Amino acid sequence: MDRTLIAAALAASIMAPLTAMVYAEGEGSRDALAPGSVSRVAGMEAWKRIEAVVTHPRCANCHVNAGGIPIWTPAGETKSRVHGMNIHGGASRIGAEAIPCSTCHMTSTLPNDPAPAPPRAGIPWQLAPVEFLWYGQSGAEICKQLRDRARNGGRDAVALLDHLRHDASLSGFIPRGWEPGEGRSTPPGTFEDHVRDMAEWGAAGQPCPE
Amino acid sequence: MFDIVVNGSRHQVDVVPEMPLLWVLRDELGITSPKYGCGIALCGACTVQVDGEAVRSCQARMADVAGKAITTIEGVGNGKLHPVQEAWIEHQVAQCGYCQTGQMIQAISLLKTHPKPTDEDINEVMSGNLCRCGTYERIRVAIHAAAEKIGGK
Amino acid sequence: MGTMPVLSRRTFIFGSAAVAGGVVFGSYGQAQDNPASPGTTNPLAVDLGPDSVAFNPWVEISPEKITLIAQHADIGQGIGSIQPVMIAEELDLELDQFEIRFAGPSPAYFNTGFAHEIAPFMAADQSLEAEKGRAAALEWLRQSGLQMTGGSSAIPDTYEKLRAAGAVARETLKAAAARRSGAAVADIRTEAGHVILPNGTRIPYIALSAEAAKIPPVTDVKLRDPSQWRLIGKSMERLDIRAKVTGEIVFGIDRKMDGMVYAAVKLNPNKGQPIRSYDASKAQSMPGVQ
């Protein structure tokens, strides 16, 4: 069989839970605040807290460009480097072209082990879609991208909250950013803080720094 | 109690859900071909197939592989030597041999998705399997030879 | 000249091995029936089964099988295959006609080849001083019974010793066959694990073990000229490659003993620092922990 076909088939089957969540409705609406109920100033403050999360290595390191090379920030260090062992996620973003991410990063709802054991998640391990580029981007760039439906999976502010809740229901990557395994740094706040900040930012009209 | 199928045989094991598959195989079932090297997925010595995919068994937990089909090097050839094993003998790949069962399982997985692998394919897929003896050159040659054997059949 | 210490890679490895505890220091044994390793006893004589013979510390033949002893450990360098080949060359064995067993600790296996490495002289130095230094080193090795693998010393150590061990076994088997058949030793030859009498009768070595045990080993042997070699110097398959490729080979970690328990080591993460206290309660709460 053709390699790219295999890669595509694998990618399709593994990414099904992720694409499904685009259509999952309602889970985030409980968190949503009424549009306009949060001031622009408060919305910008919420964004600053969101920015600290999405630019944190724990969250940004797999949001890489089309080159598909994940980034490592080893436990106890702040400097980033490329993932070891020649790893790249390929166009499939799950490593199907070479070695699947799931060879080492298990699909599991069990808690993460202490560093440097590879973290696991309830969703098959993968890079974020290539248009969701965070690593190496400024906060302003990520902000504009997050509210751009062409580059955020077609989501409005409420659908972004759905995304967070759906991912959490699968023990996915987002809540695990705050539970990466002993010895690893975490983004500021908690997952619930992050959901609240996203709700406030959305209700304030998704303001972004210029 | 968990159900596990290893090389076609069904077993029941009474272990904690978090027990790594590697220890289930080695200590509970006495299958010692997968080796403990690092315990953190950095060396590849423990690699086995789970439902046909190469996986680091030190990372796979019993609860996550229950009911799945596990294949170790004993099970890859259905009673005969697998072409990868034949190539490993012909090219005298193993030195101490500790990492080699993991290397072969990974190579078998590589050849499924890349029936005619280039050197670059081999570098990409095999880079997570370390060999302290430094048998990499012979591993590469043997993988090419195994690809020929499989392709010729 | 000649006194300049040489810190070669080999001496470095020796140092590491000594620190890591990979060296066995035996004690000096009494001079007994061990012609190939003078001044030591034959460790194989201790547990020898009935009707079995151990011509020297490297060759054991029972009515069931031929066992060749590898005194140097093999961690992938291939010496586990080369040692029996050197014996088989002189003993006229095919490579599938024997089992290999790694030696236990014994002064009989002291490393003669290491004298060149520990004497502080360049390898090319043939001066009297250098030769005396090496002789002194050899005597120290013999007296300490240093049995070790490393420093590329395995072949220098065994190159003559193991061929001699094979030749002693061969000539003793021929002598036993001569006694049984009445034929002259000079008319008897050996081939592929068999003694062949002048009339063409082929007697397997294992069928001669009981009789060979009753006669003293024939130690007056001459090693074959390299032009006659069938095995040494020829490309060969490693004797353990199949076991390594099928996963059957047993490493230390694969060995299970009765009553064996596993231990995990926890160190102070700061180099060289002692332990003030520790809390084992979490480990002890795990199932199976004693």
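Chain C has nine helices and nine strands, where helices are DSSP runs of H or I with at least four residues and strands are E runs of at least two, numbered from the N terminus. A word on the source: this is a predicted model, in which local features need pLDDT of at least 70 and side-chain atom pairs count only at pLDDT 80 or more, while totals for chains, interfaces and linings use all residues. Residues are numbered from 1 along each chain as its sequence is written, chains are lettered from A in the order in which they are written, and side-chain values use heavy atoms, without hydrogens and water.

Chain C holds 290 residues, and 40% of them count as buried, that is, under 20% relative accessible area with a 1.4 Å probe, protein chains only. Take the contacts (heavy atoms within 4.5 Å) in chain C between residues at least 6 apart in sequence: 68% join residues at least 24 apart.

Now to chain B and chain C. The contact takes 23 residues from chain B and 18 residues from chain C. How many salt bridges does the rule find across this interface? There are two, a salt bridge being a side-chain nitrogen of Lys or Arg within 4 Å of a carboxyl oxygen of Asp or Glu. B:Lys35 forms a salt bridge with C:Asp254, with the closest N and O atoms 2.6 Å apart.

On the side of chain B that touches chain C, helix 1 (21–28), helix 3 (83–90) and helix 4 (100–113) of chain B each supply at least two residues. Helix 3 of chain B gives the most, with three residues.

How values were computed: Buried means under 20% relative accessible area, exposed over 50%, partly exposed in between (1.4 Å probe, protein chains only).
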